[in-house]
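Student: Could you show me how to read helix packing and aromatic pairs in a model?

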Amino acid sequence: MERVSSYLGKHLWLQYLLSVLAAGAAVWLLFPERSLVSVVPRMAVASLGSAVVLLVVRRKEKRAAGGSADDLVSLDGMLRRGEAPSDPRTRRAMRDLVDQRLHRTRHRVAAQIVLAVMWATLVILMALTEGLRQTLGMAVVAGAFLAWLVMYGNLQHRRLHTMRQTLQTHS
């Protein structure tokens, strides 16, 4: 799994492609009357905004990590495993990366609440305009996404705080 994460971390285009295909498949399952050939390009266009945001964030994180995608992937792996770097330059890069991510996620609870309200609104609108199949499908997608978002977000937040503490106590 570590090799897959590392490979995807180095190749953002593959992450984009896989997310477009997964979103296209989900939309097609909810609306099977639509052509798969029309759904996938629509998902690609709809995902461009998030891809641009990801690229901007990624560029800032690469700078904090030392300037290369390999450095960032290496630090990200260490962060996931809870390993504090021993090299002073790498420790400084990890500290910068952790500080940047903690700053960027400082409003994560409010963002999670806004996303929950948005998804709930979407499910309600789906119930008012579409059939039972689409409504239930969207409710399942919304519930799974929000559960994943909260669990993974909390895990990442704990990892960041643990690493910050580790870097401060072993300076």
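Tutor: Arg58, Glu61, Lys62 and Ala65 of H4 are in contact (heavy atoms within 4.5 Å) with Ala69, Asp71, Leu72, Val73 and Leu75 of H5. These residues comprise five nonpolar, no polar and four charged. This is a predicted model, where local features need pLDDT of at least 70 and side-chain atom pairs count only at pLDDT 80 or more, while totals for chains, interfaces and linings use all residues. Residues are numbered from 1 along each chain, and side-chain values use heavy atoms, without hydrogens and water.

Student: At what angle do H4 and H5 pack?

Tutor: Two packed helices are described by the angle between their axes and the distance between the axes. Here H4 (residues 48-65) and H5 (residues 69-81) pack at about 80°, with axes 8 Å apart. H4 and H5 are therefore roughly perpendicular (65 to 115 degrees).

Student: How many aromatic pairs does the whole structure have?

Tutor: Rings of Phe, Tyr and Trp (its six-membered ring) pair if their centres lie within 6.5 Å; planes under 30 degrees apart are stacked, over 60 edge-to-face, the rest tilted. A search of the whole structure finds three pairs. One of them, tryptophan 119 with phenylalanine 145, is tilted, at 5.5 Å centre to centre and 40° between planes. Tryptophan 119 lies in H7 and phenylalanine 145 in H8, so this pair ties together parts 26 residues apart in sequence.

Student: Is tryptophan 119 buried or exposed?

Tutor: Tryptophan 119 is buried, at 19% relative accessible area (buried means under 20%, exposed over 50%, partly exposed in between, with a 1.4 Å probe and protein chains only). Phenylalanine 145, at 29%, is partly exposed.

Notes:
Axes fitted to C-alpha atoms, helices over the stretch in contact; angles between N-to-C directions. Helix = DSSP H or I, 4+ residues; strand = E, 2+ residues; numbered from the N terminus. Parallel < 35°, antiparallel > 145°, perpendicular 65-115°, else oblique. Nonpolar A, V, L, I, M, F, W, Y, C, P; charged D, E, K, R; others polar.
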